[in-house]
Protein chains: 2
Amino acid sequence: MHLVTFLPSEKSVTVPTGTSLLDAATQTGVAITAPCGGEGVCGECRVRIASGTVECVSRGCLSANERAQGWVLACSSRITGNVTVQVPQAEVVEQAQIVDDHAAGRGAHKAATQVAKPLTSKRYLQVEPSALDNSFCDFERLTRAVKDDGGPDSVTTDLEVLRELAATLRAQDHGVTATIVAGDENTPAEMIRVEPGNVVSRQVGLAIDVGTTTCAVNLVELANNHVLGTAADYNGQLARGADIISRINYAKTPQRIEELRQLVLTTLNALIEGLCGTHAISPRQIDNAVVAGNTTMVHLLLGLNPDYIRLEPYTPTVNRPARLRAREVGLAMNPKAYVLFAPGIGSYVGGDITAGLLQTALAHDGDDVRLFLDIGTNGEVVVGTGEWLMACAASAGPAFEGSGVTCGMRASNGAIERIRIDAQTGRTDVTVIGGSDPRGVCGSGMIDLLAELWTAGLLDPSGKLDFHRGGGRIQAADQTGRNLAFTIVPEGYSDTGQAITLDERDIQNLLRTKAAVYSACAIMLRSVGLDFDAIAEVYVAGGFGRFLDLEKSIMIGLLPDLPMKRFTYLGNSALSGAQAMLCDATARQRVRQLADRITYLELNVDPAYMDEYTAALFLPHTDIDRFPSVKAKLASKSAG
Amino acid sequence: MHLVTFLPSEKSVTVPTGTSLLDAATQTGVAITAPCGGEGVCGECRVRIASGTVECVSRGCLSANERAQGWVLACSSRITGNVTVQVPQAEVVEQAQIVDDHAAGRGAHKAATQVAKPLTSKRYLQVEPSALDNSFCDFERLTRAVKDDGGPDSVTTDLEVLRELAATLRAQDHGVTATIVAGDENTPAEMIRVEPGNVVSRQVGLAIDVGTTTCAVNLVELANNHVLGTAADYNGQLARGADIISRINYAKTPQRIEELRQLVLTTLNALIEGLCGTHAISPRQIDNAVVAGNTTMVHLLLGLNPDYIRLEPYTPTVNRPARLRAREVGLAMNPKAYVLFAPGIGSYVGGDITAGLLQTALAHDGDDVRLFLDIGTNGEVVVGTGEWLMACAASAGPAFEGSGVTCGMRASNGAIERIRIDAQTGRTDVTVIGGSDPRGVCGSGMIDLLAELWTAGLLDPSGKLDFHRGGGRIQAADQTGRNLAFTIVPEGYSDTGQAITLDERDIQNLLRTKAAVYSACAIMLRSVGLDFDAIAEVYVAGGFGRFLDLEKSIMIGLLPDLPMKRFTYLGNSALSGAQAMLCDATARQRVRQLADRITYLELNVDPAYMDEYTAALFLPHTDIDRFPSVKAKLASKSAG
């Protein structure tokens, strides 16, 4: 056993030989961020050895200079003796005030949600008193009152309720309020609470979107499907991997699975408690919650081993978790309440997609072919009609969500969401969320940026910046000179005073993302023998920002070249879909039917996919004829 | 707050003014027995004040001499200051080795129990491996394997199973053993355990009879309905009341309800652990249990408030508890396993009766009228056919179970089960269970004793002993001279050396019990317009001992005067009924149908009942014409 001490906190721990520095830090509660999931790739977990030595498995991403100074990667250093480690002051993860209104129904399109039957609801019941000629037991008379009130024919309860029942019934003359969870095909209706008198009051519930990058919660008044408040924050697991694959790689041991579970629960419960505090509601009074998340996020929230999601043939433990008690899940609400999960389809098409589809015409009958794109940390594509549906996942990466791009950030205060570039001077005109000095660029800003750089002639179709143009705004990003960067906001004009730049590596990340999405759509349509022209409507979901510029999205080849009017931007459809499930029994039924109807296509094993993907790594595409409107614009521009 | 110290243990506790000495003793873990339930009636909880004073609410049953010496009743003394209390050395509650074979099928009658489907069973399953063309999630492939194996179509599970599932499936090439709880109308089937490989092994379950006086457990091999072992012991709650009413009276506070719950759990879990130890089985491997008990016993086992069972209109909290997890109930077995309860009918006809009826032809079709008598601590009577059933309860008292009679004991080693009395000398010839020196008299011995005393002319029909007969065996029982006693075993011939006697108070208790049972039968038949002659078969259940002498039972007027061949002695039918439910799905269905068919008759509110009861307080009855065979015997005897 060896003593490991972390500076500057001076926290220490004793661990056996071979333990990684990252694990030792986790055990002591020292925060070290490992966005690549501890794979020794990203270099974010670098720490400096102050005394002692460690065995370095990998430090490839550190410079020779850094190595000489004693920097190592915490994830890739094995402890072999007593050691003292200097941890750089942790960068505070972005906690900007959320101005995002995506949850509150920003989307242009919003399916009319019937307000009918939340999963759990309260009924005031006048129970028949017992009498010599009405010798039913207390529980039987109560269940008869439920039935007579239009409730379920049969309803169970637990010992906690039964132990109080005799007193509860008689406290206010057999008038009681019962909190009843509706049954479904797998589970009977259940009374989780019985209180004396009429305490039917305002009932609220939680719609929860567990995203790889961002978690969002809507506090909803169930009676009218009204959003009382929305809260969102980065998923606390980001410190252990920026994307799904790095999280899965990190989750190698039961301890780490539990660590990841606690990280996302901490995020969610802080959001819930914040909303409850604002609206003077006790979390324990919340009896309804619906969670939508991708398959990996649901596995990690539930503490399930995600490893086989990553390994061919890509198998989740469970696609459709049964409803689970809040106590088992760990959410801050009535511990006996049930939490529902939007059903998943496969390893890479999860409940966030089925919930999102609820917000589209694909949830209803209809012969028109429609396309649904969710461009989040992953890209998911669904195509179909009211009769059939096919889904696939594209490894899009989180570039449009603000990760993997140096200047990227999510759509919160300080994010640049609009950019115009003067082709001659390279000067930029930016619109910033919240009106403050800019701090970074959100998804919609990235799309503007690519399109503007390209049409201004500062960027070629392969993603290379032109050093000779842009009025000095394009400079070498590092000493190698092989990576150029465009200055979006010069030094002194940003929130931090530092310049905000976009380099060619960032641009490659953005191109890979847009290529992944477009090529997934193309392969999917080809597999059903259709062309883009056959698409009557395209739904676009994702956390880009408040406004998505469709024209520029088509310009860069992210979206197919179709008439504007065929596009509908949904915003965070996973969250609004979860909300529909929360309030409406029809939506809960419909989402199961959707899941039943979807056929899952595994792109990774389709040999044509790589060709499509490579061809899409251009602006807008190597085959410009696929983008006739862009071709026409370019032609008119060069003509003009 | 006052300091209360108990001698000789010197245990002490600090309690507020007004706490009873009994409650203070309970808090410190000092055992004081209160058979009357703390009502200040029985005098069993007497303790002596060594220093300090208490406020005595009642000490009516103590003599003037005892009062002068500082004796008080612990149940009826309120603490008003610091006090030290001498507790008499607790009489060790009878823990004799159980020789009883009632559980193992002693009964002459035993319904053939099909061995078909215990509630929970294990299946070895070969699950399809996942593949790119078989992209179902692990849980889906597992549930398909269950279905293909002939298991339920739909089956749920919990997070604990899901968290291990990926590893479990892959540990032995997708061969797993699933432990599955069958569904019912209220609850879906559930997998409570999934293990790698084929570990289908000997499966055992528990049939549990929770009696007011005695608890009995059968450890059963489920595959062949074979009883591996039986264990029985007094219900630990006996220290808090000998019968149902005194227990309910004791259970005044949530703390006392919990105390009673723990007392019976301690009894049951010791029995279970003892059986498991003998048979080298881990309690945690037991996945099946069925409990049969009267309504009050089930309430107290589950921690439910029993108070309204005692108060008109006599209303239980629940007659048919849903199946509950062993963890909730507190039984020593797999905490995730479910415990089933035989359904109750009303406050005084419980699951012990419906389980018992399973062992009779009344559980099947048939037009013959049959009578079922359970003569336990309470007496319950059921009459009916395969079409209709009517049930009532008689406040019989526990006299035939060994309580409420000075020399009474249950049918264990040392119990006198047969007695012959020489009319001239009064000398007795006794048969003792286990062949040792006698320690007391069990139920069958009591019946012999009453019949022999009467036919020997030592006892008159009203229950008075004749001081002038019996060769000196009849003496005054105390200084008042108003209570005579018969010496069954003289000093020096018993196990303890003390004489074993039966006094007139004991005889009155026995007469009250037999009168309650007989008059309940009579009222019940009258209410359906039938006479005893209409009864095709009489089932007698109860814990009398190993052999019930039917002729003598009729002689004393306990059983109706019908031909011998119409009687069937069932033994502990609650336990054997629970065992049938344990092993056989048909029995579980049938017991629900029985409960649905039974109409509950409340004797307490029938004005005719008291007349019938009073008339039955004679040997055999004030109306001797109701007992023609007894009348004939008496006539032939006096003629001879």
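Colleague: In which helix of chain B is A587(B) found?
Modeller: This is a predicted model, where local features need pLDDT of at least 70, side-chain atom pairs count only at pLDDT 80 or more, and totals for chains, interfaces and linings use all residues. Residues are numbered from 1 along each chain as its sequence is written, with chains lettered from A and ligands numbered from 1 in the order in which they are written. Helices (H or I, at least four residues) and strands (E, at least two) are DSSP runs, numbered from the N terminus. A587(B) is found in residues 585-597, helix α15 of chain B.

Colleague: Is A587(B) buried or exposed?
Modeller: A residue is buried if 20 or more other C-beta atoms lie within 10 Å of its own, exposed if 12 or fewer, and partly exposed in between; C-beta atoms are placed from the backbone. A587(B) has 27 other C-beta atoms within 10 Å, so it is buried.

Colleague: What separation lies between the C-alpha atoms of A587(B) and P607(B)?
Modeller: Along the chain, A587(B) and P607(B) are 20 residues apart. Their C-alpha atoms are separated by 37 Å.

Colleague: How far does helix α15 of chain A reach from its first C-alpha to its last?
Modeller: Helix α15 of chain A has 13 residues.

Colleague: Which residues of α1(B) are buried?
Modeller: Helix α1 (residues 21-28) of chain B is largely enclosed by the rest of the structure, because 6 of its 8 residues are buried. Just after the helix, G29(B) takes a positive phi of about 85°. The buried residues are L21(B), L22(B), D23(B), A24(B), A25(B) and T26(B).

Colleague: What radius of gyration does chain A have?
Modeller: The radius is taken over C-alpha atoms, and the globule rule is 2.2 Å times the number of residues to the power 0.38. With 640 residues, a compact globule would come near 26 Å. Chain A agrees with that, at 27 Å.

Colleague: Which element gives the largest share of the side of chain A that touches chain B?
Modeller: 38 residues of chain A are in contact with 38 residues of chain B. Elements giving two or more residues to this side are α3 (138-148), α4 (159-171) and α8 (307-310) of chain A. The largest share is 6 residues, from α4(A).

Colleague: Which residue of chain A comes closest to the rotation axis?
Modeller: Copies are superposed by least squares on the C-alpha atoms of residues with pLDDT of at least 70 in both. A rotation of 180° with 0.0 Å of shift along its axis superposes chain A on chain B, with an RMSD of 0.1 Å. The two copies are thus related as by a two-fold rotation axis. The closest C-alpha of chain A, at 3.1 Å, belongs to T187(A).

Colleague: Over which residues of chain A is the pLDDT below 50?
Modeller: pLDDT is the predictor's confidence in each residue, from 0 to 100. Chain A has a mean of 89, and 95% of its residues reach 70 or more. The stretch below 50 has 56 contacts in the model beyond near neighbours in sequence. It covers residues 90-114.

Key. Expected span 1.5 Å × (residues − 1). Contact = placed C-beta atoms within 7 Å.
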